[in-house]
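Subject: Structure for your review

Dear colleague,

Please find below the structure that I am handing over to you. My findings follow it.

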Amino acid sequence: MRRRMSKRQLAQELYDQGLRVDTIAEMLETDPAYVANSLIDAGCTPAYVDLYTRTGPQNRYAQMLAGVLRFKNLEAAQESVARIDALYHRFAEARDRRGQHQAQLLALTGKNRAEGLGKRREARLFADWLIEHLAVEEEFETPVSAPAQPQLRLAA
């Protein structure tokens with residue numbers, strides 16, 4: 001008699017057979033992020049990353065940013081944004097543009113994940129911080145304008 005398997009177990013078995021995350025998700029009629037996170041929990045490193053997977057390709061900032069993103073409630077989101085802001089400014093002081101970029105990406109991810117879960121107020125906190133930190137610091141007195149659009153001439 002064959003034992004009943006959970007979706008997580010089936011995903012692991014199919015992955016071990018060489019199937020890709022997207023294919024497994026279709027077969028199990030579930031979300032690819034669910035499959036990827038199940039595999040990650042099982043110690044695998046699937047070649048799949050999206051907004052809702054817990055891990056992906058790691059860089060030197062991953063450990064520093066791990067656990068910063070929280071939006072369970074408004075207070076948790078405020079604390080998360082404060083931590084992102086502190087890291088961002090630490091990177092700015094060190095003239096570490098890559099670090100600043102990682103902080104901005106984390107804020108964008110927080111905004112998108114919170115919004116996807118219907119947590120609009122929490123998403124707004126991340127969005128407001130991100131908007132504030134996307135402004136280009138002006139070094140020039142004259143504003144940079146968009147290139148002129150070519151004029152189209154209609155034949156008579």
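A crossing of two helices is called left-handed if the near helix is turned anticlockwise from the far one by less than a right angle, and right-handed if it is turned clockwise. By that convention, α5 passes α7 in a right-handed crossing. Please note that this is a predicted model.

Overall composition

The protein chain has 7 helices and 0 strands, and its pattern along the sequence is α-α-α-α-α-α-α. Of its 156 residues, 31% count as buried. Among contacts between residues at least 6 apart in sequence, 49% join residues at least 24 apart.

The packing of α5 and α7

Two packed helices are described by the angle between their axes and the distance between the axes. For α5 and α7 the angle is about 15 degrees, and the axes are 9 Å apart. Angles under 35 degrees count as roughly parallel, and α5 and α7 are therefore roughly parallel to each other. On the α5 side, the contact is made by Leu74, Ala77, Gln78, Ser80, Val81, Ile84, Asp85 and Tyr88. Their counterparts in α7 are Arg121, Glu122, Leu125, Phe126 and Trp129. The residues of this contact divide into 8 nonpolar, 2 polar and 3 charged.

The largest nonpolar core

The largest nonpolar core has 19 residues, of which Phe71, Ile84, Leu106, Phe126 and Trp129 touch the most other members. The elements that give two or more residues to this core are α5 (74-93), α6 (97-116) and α7 (120-132). The most comes from α5, with 6 residues. Apart from this core lies another, of 11 residues, with Ile24, Ala25, Leu28 and Leu39 among them.

Phe126 is placed in helix α7. Is Phe126 buried or exposed? Its relative accessible area is 0%, and residues under 20% count as buried, so Phe126 is buried. Leaving aside neighbours within four places in sequence, Phe126 is in contact with Leu69, Arg70, Phe71, Ala77, Ser80, Val81, Ile84, Ala107, Gly110 and Lys111. Phe126 and Thr109 are 17 residues apart in sequence, and their C-alpha atoms are 8.7 Å apart in space.

The second residue is Trp129. Not counting residues up to four places away in sequence, Trp129 touches Val81, Ile84, Asp85, Tyr88, Ala103, Gln104 and Ala107.

The axes of helix α1 (residues 7-16) and helix α2 (residues 21-28) come within 10 Å and cross at roughly 135 degrees. That makes α1 oblique to α2, and their crossing is right-handed. Lys7, Leu10, Ala11, Leu14 and Tyr15 of α1 make the contact with Ile24, Met27 and Leu28 of α2. By class, the residues of this contact comprise 7 nonpolar, no polar and 1 charged.

Helix α3 (residues 32-41) is mostly covered, with 7 of its 10 residues buried. These are Ala33, Val35, Ala36, Asn37, Ser38, Leu39 and Ile40. What covers them includes α1 and α2.

Yours sincerely

Terms used. Residues numbered from 1 in each chain as written. Predicted model: local features only at pLDDT ≥ 70, side-chain atom pairs only at ≥ 80, totals over all residues. Heavy atoms only, no water. Axes fitted to C-alpha atoms, helices over the stretch in contact; angles between N-to-C directions. Helix = DSSP H or I, 4+ residues; strand = E, 2+ residues; numbered from the N terminus. Parallel < 35°, antiparallel > 145°, perpendicular 65-115°, else oblique. Contact = heavy atoms within 4.5 Å. Nonpolar A, V, L, I, M, F, W, Y, C, P; charged D, E, K, R; others polar. Core = buried A, V, L, I, M, F, W, Y, C linked by side-chain atoms within 4.5 Å. Buried < 20%, exposed > 50% of the residue type's maximum accessible area, 1.4 Å probe, protein only.
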